[in-house]
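Trainee: I would like to learn how to read a structure such as this one, feature by feature. Could you walk me through it?

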Amino acid sequence: MHNVDNVEIKVTAGNGGDGAITFRREKFVPFGGPDGGDGGNGGDVYIIADGSMTDLGLFRRKTSFKAEAGGRGRKQKMHGKDGGDLIIGVPAGTVITSVGDDGSKTIIADLKKREQKALVAKGGKGGKGNVHFATSTNQAPKKATNGKSGEQRHLILDLKIIADIGIIGHPSVGKSTLLGAISRATPEVAAYPFTTREPVLGVVVTDDDSFIVAEIPGLIEGAHEGKGLGHKFLRHAERTSGFLFLLDGTSPDLCADLKNLRKELTLYNASFSQKPRLIAVNKIDLPEVSSRIPEIKTSLRPFHEKIYFVSAVTKKGVAELVSALADMVRQTVAEMIEPETPPVVFHPRPKRRNEAEE
Ligand SMILES: Nc1nc2c(ncn2[C@@H]2O[C@H](COP(=O)(O)OP(=O)(O)OP(=O)(O)O)[C@@H](O)[C@H]2O)c(=O)[nH]1
Ligand SMILES: [Mg+2]
């Protein structure tokens, strides 16, 4: 399966509604005072990071988006209705770039966290009704202003892989098998190393939540220097908020495996050692592994972390691991919640539909 991770779209905010030119009607007054209301504002276009999306595949078919226009002003000083905002969902990790008419590119938002939202096109303001234009010399103004055009923007959406949890492990430890067991992802599983060459994402759905897990392709000694699949995929590990270290229960020395994983990650990026992590030992369906569980527990004890024992094939222990992962995600998300930062907005001068009215 190839994940769509780069698309171009066009977004158009709603136009403002025009101001109205109307006059009061009273029984004995043929022309009452002006009572034309203002036009409603056009809807804005927002892009929001949606935690349940993993790629930009939806945009293969639909590439043009438009928010609702504001309604026209009406008589009796009635405001036109404001146009509804349009909110477009994208996976967390989407970088939004605006392409100018001259081809220049400006990054306008990097939606790293789910629910993070960016205003990408501002709706046009509604025009003013003639009620605003009465003066002592002109009691019956036939003047109102038109609504402004909504902004229109050409955007590039670029998904830099981002997941809540990255599964990190040596080749063939069962990362793909586990990802397939806990999500609907269907990564290729095979008994040879480096079967997975690109990160694969899956959405894990629990009773009250969902989170995204990425299989980070097999990590080997020297990866930080570019060995194996090297840097290319360690870069993906940067954009996860926690790790699951997966060890193979059939390996002769799990302690060395774990140390090696930690070392490679830290050598690549020292900040990785700060990320929350869980450790799981896979393949406990095999008798030679299940019989070693007590021994493995003892050898991994110095790492001071609870060790989960699972079989990705029979799913033994997997539910407990998933709920621990969900807890870890909840915690990191809670820590990451910051006061709402104002969305990054990029404002070229709005085009005017009717300059003469100004
Ligand atoms: N007995 C047993 N075999 C497993 C288990 N999980 C995975 N395997 C086997 O281990 C081999 C490697 O599994 P994968 O899921 O492809 O491993 P991976 O870590 O994704 O490997 P790469 O993508 O190559 O790094 C396959 O032959 C799987 O069938 C398990 O829980 N028990
Ligand atoms: Mg794999």
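**Confidence and overall make-up**

Mentor: Where pLDDT is low, the predicted coordinates should not be read in detail. This is a predicted model, in which local features need pLDDT of at least 70 and side-chain atom pairs count only at pLDDT 80 or more, while totals for chains, interfaces and linings use all residues. Residues are numbered from 1 along each chain as its sequence is written, and chains are lettered from A and ligands numbered from 1 in the order in which they are written.

Trainee: What is the mean pLDDT of the chain, and which elements have the lowest and highest values?

Mentor: The chain has a mean pLDDT of 86, with 87% of its residues at 70 or more. Elements are DSSP runs numbered from the N terminus, helices being H or I with at least four residues and strands E with at least two; the lowest mean, 69, belongs to helix H2 (residues 231-238), and the highest, 97, to strand E3 (residues 64-66). In total there are six helices and 14 strands.

Trainee: How many of the 358 residues count as buried?

Mentor: A residue is buried if 20 or more other C-beta atoms, placed from the backbone, lie within 10 Å of its own, exposed if 12 or fewer, and partly exposed in between. By that rule, 42% of the 358 residues are buried.

Trainee: Which residues of helix H3 are buried, and where do they sit around the axis?

Mentor: Helix H3 (residues 254-268) has 15 residues and spans 21 Å from first C-alpha to last, close to the 21 Å expected at 1.5 Å a residue, the expectation being 1.5 Å times one less than the number of residues. Its buried residues are Leu254, Asp257, Leu258, Leu261, Glu264 and Leu265. They lie on the same side of H3 because they cover an arc of only 130° around the axis, taken from the directions from the helix axis to the C-beta atoms. The face turned away from this buried side carries the exposed residues Ala256 and Lys259.

Trainee: Which residues come nearest to ligand 1?

Mentor: A residue counts as near when its C-beta atom, placed from the backbone, lies within 6 Å of the molecule. Around ligand 1 there are 24 residues, of which Gly174, Lys175, Ser176, Thr196 and Gly218 come nearest. The largest share of the shell, three residues, comes from H1. In helix H1 (residues 175-182), Lys175, Ser176, Leu178, Leu179 and Ile182 are buried, and they are on the same side of H1, since their arc around the axis is only 160°.

Trainee: Where is Gly83, and is it buried or exposed?

Mentor: Gly83 is in the loop between E3 and strand E4 (86-90), and it counts as buried because 28 C-beta neighbours lie inside 10 Å. Leaving out residues up to four places away in sequence, Gly83 touches several others, including Gly14, Asn41, Glu68 and Gly123. Gly83 and Gly124 are 41 residues apart in sequence, yet 9.7 Å apart in space, C-alpha to C-alpha.

Key:
pLDDT = per-residue confidence, 0-100. Contact = placed C-beta atoms within 7 Å.
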